[in-house]
There are 2 protein chains.
Amino acid sequence: MSKALPKKSENYSEWYNELVKRADLAENSAVRGCMVIKPYGYSIWEKMQRALDDMFKETGHQNAYFPLFIPKSYLSKEASHVEGFAKECAVVTHYRLKNDPNGGGVIVDPEAKLEEELIVRPTSETVIWSTYKNWIQSYRDLPLLINQWANVVRWEMRTRLFLRTAEFLWQEGHTAHATKEEAVAETEQMLEIYATFAEEFMAVPVIRGRKTPNERFAGAEDTYCIEAMMQDGKALQAGTSHFLGQNFAKAFDVKFLNKENKQDFVWGTSWGVSTRLMGALVMAHSDDEGLVLPPKLAPIQVVIVPIFKGDEQLAQISEKVNPIVKELKKRGISVKFDNSDKQSPGFKFAEYELKGVPVRLAIGARDLANGTIEVARRDTKQKATYQIDSIVESIVNLLDEIQENIYNKALQFRTDNTAKIDNWDDFVKILDEKPGFISAHWDGTSETEEKIKELTKATIRCIPLDAVDEEGVCIYSGKPSSRRVIFARAY
Amino acid sequence: MSKALPKKSENYSEWYNELVKRADLAENSAVRGCMVIKPYGYSIWEKMQRALDDMFKETGHQNAYFPLFIPKSYLSKEASHVEGFAKECAVVTHYRLKNDPNGGGVIVDPEAKLEEELIVRPTSETVIWSTYKNWIQSYRDLPLLINQWANVVRWEMRTRLFLRTAEFLWQEGHTAHATKEEAVAETEQMLEIYATFAEEFMAVPVIRGRKTPNERFAGAEDTYCIEAMMQDGKALQAGTSHFLGQNFAKAFDVKFLNKENKQDFVWGTSWGVSTRLMGALVMAHSDDEGLVLPPKLAPIQVVIVPIFKGDEQLAQISEKVNPIVKELKKRGISVKFDNSDKQSPGFKFAEYELKGVPVRLAIGARDLANGTIEVARRDTKQKATYQIDSIVESIVNLLDEIQENIYNKALQFRTDNTAKIDNWDDFVKILDEKPGFISAHWDGTSETEEKIKELTKATIRCIPLDAVDEEGVCIYSGKPSSRRVIFARAY
């Protein structure tokens, strides 16, 4: 057997990196910063995609596909947008290779230089708004509610599997509206969909909030976000939804005839979540034995391991197990009966623990005699003996219970690691001693925000949507403040 | 209303281009050769993806994701592979933009030059086999059955929506096996899956065959293909499945310990279909009024158009229609009740004809009185009056009938336009007068194949898998031949 994982408590970072690789989620590729998403990891991503896609479609969105490449001039049309992305763009400059006449092997053909360089999309606002110009003439063409599942590239210098990669997979919604109110409502609706997905599928509680101007998306007037807490107390931004105002409409001259028969610029939103969610899922729940997956996203929800000697015993066990497998599948539960004789039960137990399978059933000769089956939960590591006759009902209920328990545990952890802090010394101290979310007053200036970041590496994660008005003074400057914000160190 | 489509019989090419745009399938983007797939077109592609993906998974394949970028040196490792793709590669050379200090706007930062250029994948054999090297040690790791849904880029000089675009969407399967026999069986299995998909879902009959050495995939030992006939008599290659032998295993040093405890190179296959299938779907069935979609791929299978004056009449009709809509949805049929009062019924009829909706129901006051409903088929343009009480059953059956009819019509067309030809003059003549598939003898040499292409623009589409041994002489050289092959002009 391979050696144990690094301990989460000893080296969180190494624990994460190793776990992602060992559990067959992803690995680094030969291309700097680009990952390979392995089949097991990809099957979790497919479940995420399906759940999100269903929610997008239920709220009236349709999928479409826009080009991978963006002409350099397009990226430059929205000033703050190019400012935000220029530093990390993969640039296509040529369209052909050839054999080096001087024997240098295959080289770029200098005669095949593009007239205008193409940027591999870091996000698609520019290419999409240049298209919307032709699609929108009147208020009757609005709202336009479109989503795209795609790969994007941002040439990050320091990368980590799922959390920060040069290429990643995501969805990006891009909508166009006749009024500001509608666009704001869309921005808020999509944030709520992301929050629902995080909480109900990923079992990760999130804080819904708005970014400070400093942390806004390049080109947005307002950025909403959901922020999750990882088990090391750090924050992870799990999804963003941007109110774009009329910025991209103006940059690409997208006007429409409104109901009053007047020309006006269109209002926009964009919103996205990415394979980063895979990282959040791992970091939020897993332990020293491996992944802990919430049942709703687990590729295998139930594994059944027979304890047997010889074919006859296996046949007896199979006779009992096969109807259970069939019935579970009928209920829409993904189940694997691992009857291979190549590995020992102990090896299999460790393997399915590593892979985060929520429920493991084990059944041997004594169970057959007693009409029982052993049930092991991945989340609590509890084992119990169940009656085999009612095992299907028991499992259906247990999966719900596990989903809920994983969420509650994460919520409890967040509660335990969130502090209201009102003076600077405590602020600095808690960040080092018990890192987590800090609810504190801030004077509303970018200067203070940057100073705090410089001194503590903590950033303002968001201004929570449910923050209440409260008189106070800024944790750093002592200036007056009317609401608390959430500070944390972040991924 | 917008003007009529170009006539298929008068200008097939223009008819196709206009139809793809007007039916909201796709349009050209600002980036040369890259298309925008519009929501209606993308929803057909999603249906194709779902059907194919289900078949891949049923046969034991899993999805994964590999990097968009391929280091130039990787592409060069398999000699014939780089030869095949070097002439049409998008090359990334830099990773940053900056503001021109001389005021030239945003420019490529010359200091951010990559040490090794990256190629935007034209296909992923090289990057995947370099990964497989680490995944495969022993026969126990085999077979490895992986598929990827992705975008790829081939810098084509002349492009056409769906048929030939610089960027396109596709799936590419890449499998690894312990024996040659297994790999060949996989190659054949996947070809059969493509053929089944084309015939049962797209309603397009295909010829299953093998390519001549000239037309093989760059790096394959054998290329299998399915060839479909379009309504202008031209052939369209709709899918390919490649037996790679040990070529990529050797190029990337992928060895395994076989059951005899000896090191051997792994055997490979790769196979793919792309958004090109969208073009085939349009070209195979559509007519001068617009798309004709087979029910299994139609985003809207049934549209119901009420003929009404005023809200009261609409309410009466809706009362009758709503339960039908509900029952159809329960049966898994996608149905749209278009009760908008913004357009006339005539306008709606034309719109849904253009969009290829297989069944249109119309219901007005007289129908209500009579307990009837008008049913119009898109494929035959026949209208009939049906009893409203049994309309759901009728539609379920009708959709099956339409699916079958569209296939049979395409099959009949292919039969009518396939000729056995045994002399050169007839060969040349029929290509101009009644283009289609020509079954003819060929002497088996690349020289003859190329000469025929040069003289007639016809290529050998495939050597059909079901070709029978038959003594004959080559249509061009008069040399002996033992089997007929299929010639045609092609897309």
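**Briefing: chains A and B, their interface and strand pairing**

The contact between the two chains draws on 61 residues of chain B and 61 residues of chain A. The model is predicted. About 5,000 Å² is buried between chain B and chain A, and carbon and sulfur atoms account for 67% of that area.

**Interface of chain B and chain A**

- Between chain B and chain A, 28 residue pairs are in polar contact, counted with both residues at pLDDT 80 or more.
- On the side of chain B that touches chain A, helix α2 (residues 39-58) of chain B gives the most, with six residues.
- That side of chain B is made up of 38 nonpolar, nine polar and 14 charged residues.
- The rule finds two salt bridges across the interface of chain B and chain A.
- A salt bridge joins the side chains of A:E46 and B:K57, with an N to O distance of 3.0 Å.

**Strand pairing across the interface**

- Strand β5 (residues 91-94) of chain A pairs with strand β5 (residues 91-94) of chain B; the sense is antiparallel and there are three bridges.
- Within this pairing, A:V92 has B:V92 as its bridge partner in β5(B).
- A:H94 is placed opposite B:V91, also a residue of β5(B).
- β5(B) pairs with strand β8 (residues 113-120) of chain B as well, in the antiparallel sense and over three bridges.
- There, B:H94 has B:K113 of β8(B) as its bridge partner.
- β5(B) is therefore joined to a strand of chain A and to a strand of chain B, since two strands count as paired if DSSP finds at least two bridges between them.

**Domains of chain A**

- The domain assignment divides chain A into domain 1 (12-285), domain 2 (302-398) and domain 3 (418-488).
- A distance of 49 Å separates the C-alpha centres of domain 2 and domain 3 of chain A.

- Chain A has an open sheet of eleven strands with mixed pairing, in the order β3-β9-β10-β16-β13-β12-β11-β24-β27-β23-β22.
- At its edges are β3 (62-63) and β22 (418-420) of chain A, each of which pairs on one side only.
- Strand β11 (residues 206-210) of chain A and strand β24 (residues 459-464) of chain A are antiparallel partners, linked by two bridges.
- In that pairing, A:R210 stands opposite A:I463 of β24(A).

**Backbone features**

- A:L142 and A:P143 are joined by a cis peptide bond, with omega about -5 degrees.
- A:P143 sits in the loop between α5 (125-135) and β9 (144-153) of chain A.
- In chain B, a cis peptide bond links B:L142 and B:P143, with omega about -5 degrees.
- B:P143 lies in the loop between α5 (125-135) and β9 (144-153) of chain B.
- A:N261 is not a glycine, yet its phi is positive, at about 65 degrees.
- The loop that holds A:N261 runs between β14 (255-257) and β15 (263-265) of chain A.

Notes:
Residues numbered from 1 in each chain as written. Chains lettered and ligands numbered in written order. Predicted model: local features only at pLDDT ≥ 70, side-chain atom pairs only at ≥ 80, totals over all residues. Heavy atoms only, no water. Domains from an automatic or database assignment. Contact = heavy atoms within 4.5 Å. Buried area = accessible area lost by both parts, 1.4 Å probe. Salt bridge = Lys/Arg side-chain N within 4 Å of Asp/Glu carboxyl O. Polar contact = N/O pair within 3.5 Å; in protein donor to acceptor, adjacent residues only side chain to side chain. Helix = DSSP H or I, 4+ residues; strand = E, 2+ residues; numbered from the N terminus. Nonpolar A, V, L, I, M, F, W, Y, C, P; charged D, E, K, R; others polar.
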